[in-house]
Amino acid sequence: LLNEVDERDSLKELKNILLTMRNDTSGQPYQASDILPRMRLVLSNDQDEILYESLKETLKPAADSESARISYYHLQNQIKSRFNIEELEKLSKEFYHTLTFKPENIDSVHKYVQEHISSLEMFANSENISQEGVIARVSLDDLSKLEELYEQVNTEASGESIMKCPYQDVNRFLEGGFRRGLFYLLSALSHKGKSYFCMCCLIGIAMFQKPYLFNSDKIPTLVLISAENLMDDNLSKMYKTIYEWLNPSSYVGLEELANIPASEKAQFVSYHMGRMGWHVEIINVNPSEWTFRNYYNTIQELENAGHEIAFVLFDYLNMISKEGCTYLGTTGSDIKNLFQRIRNFNAPRKIAFLTPHQMATDVLNLVRDERDDLVKLVNGGGYYADSRKIWEEVDCEIYLHKVDVNGISYATIQRGKHRISIVTPSHQTYVCLPYNRIGGLLPDLDRESSAVTKPGAIKVFTNNTVTEGFF
């Protein structure tokens, strides 16, 4: 079309209309009722009739629909981009030509470059940036849209969309379980069960929680992204955990795992992780090459394939490359920015996100004192490796420490900040769970709570009553 503008006056006028649309900075989508009459005036000749009818057929059918308004908005941006590319190319050629063939015309290289940069700024700002970064927008006159949003508020308040982890006392301090759209950070020292506890949460959701969908046409999906363990590692741990949960008197070691046919393990894991209706994706990534952009792309690919992602376990987020993250010159600022980007991406999509993180080495001094209340001491202290301030970017902090007493291991768990309106009594934000000799942290959703008051305590079941004793 633009190549023919010199041949017909009508096309010149049409070009002027398009230029007006390009230069409009109001940010409002165009309506067909605005565009078509103006195009009718300029395309009035017989030779223009086919072009006008084509435009009319394209724009008019959905003139009053939301999808049409969005289409017009995108059309406007495409037009702007087309002209911007041509003008940008022209400026770039002029800059190159002067620099290469007429350097004598440049009095000051610094001033010349600055002038060129100034001329390029219009392209950085010419797109409709008022729309960028907008997560949601509603007019209070649009009752149907307003009602739809209030339905979401009611759903979240009712707890229907909350995903329970397999431990009832942990759900208690999470005020029901994992909430869609929140960022959960679990921190512990090395080799104290961070990844294992997170894996238990994912498995527990898949095995015991019926999916809730905000869009019933989508596929309810849980995602495990591992930047630490290889795929076979995660699949073996998943099989072992599920099997021992269901058979707490049958230990599964490496030798036993090796002797189980692959087809049997595949069917077993697939059945138990999917029987409640969940689709589960497991992704193993190279942390040196993966960035937050790869995470965005992975989630968007799943969404485009029809998945509604309810929960992501990323083991560990801090291991991936910080390429593209903002570094402010202070230690850990790029990590903080990474966490911020992931949270801001997940929140509007209603994705609950859980990742483990290392505690700072300062905490080792407290461990040497053999404290069994370590998680209570570090609560709120910002004891995070590599970045002290990542707590500012997350919605919920969970601290975990493994304590051994008389040959029995205990997971001591303390909840820190929790960005919800409900205030949890402080005495309910601490949990101590004993590890079973087989099965580890056994789920207790369908039975008496397995939690004890402190490491060293045991539950004693006699005559249908439960008491607590100590070694």
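**A walk through the model**

There is one cavity of 30 Å³ or more in the structure. A quick word on terms: on a 1 Å grid over the protein atoms alone, a cavity is a set of points where a 1.4 Å probe fits but cannot get out, while a pocket is an open set with protein on both sides within 12 Å along at least five of seven lines; lining residues have an atom within 4 Å of a point. Grid points are joined across faces, edges and corners, and the volume is the space filled by probe spheres set on the points. This is a predicted model, so local features need pLDDT of at least 70 and side-chain atom pairs count only at pLDDT 80 or more, whereas totals for chains, interfaces and linings use all residues. Residues are numbered from 1 along each chain as its sequence is written, and side-chain values use heavy atoms, with hydrogens and water left out.

Back to that cavity: the largest cavity holds about 30 Å³ of space. Its lining consists of E160, S161, I162, M163, R180, Q209, K210, P211, Y212 and W278. By class, that lining splits into five nonpolar, two polar and three charged residues (Ala, Val, Leu, Ile, Met, Phe, Trp, Tyr, Cys and Pro count as nonpolar, Asp, Glu, Lys and Arg as charged, and the others, Gly among them, as polar).

One of the lining residues, S161, is also touched by E156, along with R179, F214 and K350, not counting residues up to four places away in sequence; contact here means heavy atoms within 4.5 Å. E156 sits in helix α6, residues 143-158. Helices (H or I, at least four residues) and strands (E, at least two) are DSSP runs, numbered from the N terminus. E156 is partly exposed, at 28% relative accessible area; buried means under 20%, exposed over 50%, and partly exposed in between, with a 1.4 Å probe and protein chains only.

Zoom out for a second. The protein has 15 helices and 10 strands, and 42% of its 471 residues count as buried. Among contacts between residues at least 6 apart in sequence, 68% join residues at least 24 apart.

Now for the open space. The second largest pocket holds about 720 Å³. Its lining has 29 residues, and G193, K194, S195, Y196 and K237 lie nearest the centre. The elements giving two or more residues to this lining are α8 (194-208), α9 (231-246) and β4 (307-315), with α9 giving the most, at five residues. The class tally for the lining is nine nonpolar, 11 polar and nine charged.

A188 is buried, with a relative accessible area of 0%. Leaving aside neighbours within four places in sequence, A188 is in contact with K194, H357, Q358, M359 and L400. A188 and I398 are 210 residues apart in sequence, yet 8.9 Å apart in space, C-alpha to C-alpha.

What does β1 meet on the helix side? The buried residues of α13 pack against β1 (183-188), α12 (292-304) and β5 (352-358). Those buried residues are S333, D334, I335, N337, L338, F339, I342, F345 and N346. An α-helix has 3.6 residues a turn, so residues three or four places apart point the same way. The length of α13 checks out too: at 1.5 Å a residue, its 14 residues (333-346) should span 20 Å, and the end C-alpha atoms are 20 Å apart, which agrees. That expected span is 1.5 Å times one less than the number of residues.

The structure holds 19 aromatic pairs. The rings of F183 and F339 have centres 5.5 Å apart and planes at 25 degrees, so this pair is stacked. F183 lies in β1 and F339 in α13, so the pair ties together parts 156 residues apart in sequence. Both F183 and F339 are buried. Ring pairs link F183, W290, F292, Y295, Y296, F314, F339, F345 and F353 into a cluster. For the cut-offs, rings of Phe, Tyr and Trp (its six-membered ring) pair if their centres lie within 6.5 Å; planes under 30 degrees apart count as stacked, over 60 as edge-to-face and the rest as tilted.

Last stop, the backbone. Most residues other than glycine have a negative phi, and most peptide bonds are trans. H191, in the loop between β1 and α8, has a positive phi of about 60 degrees and is exposed, at 79% relative accessible area. A cis peptide bond joins D315 and Y316, with omega about -15 degrees.
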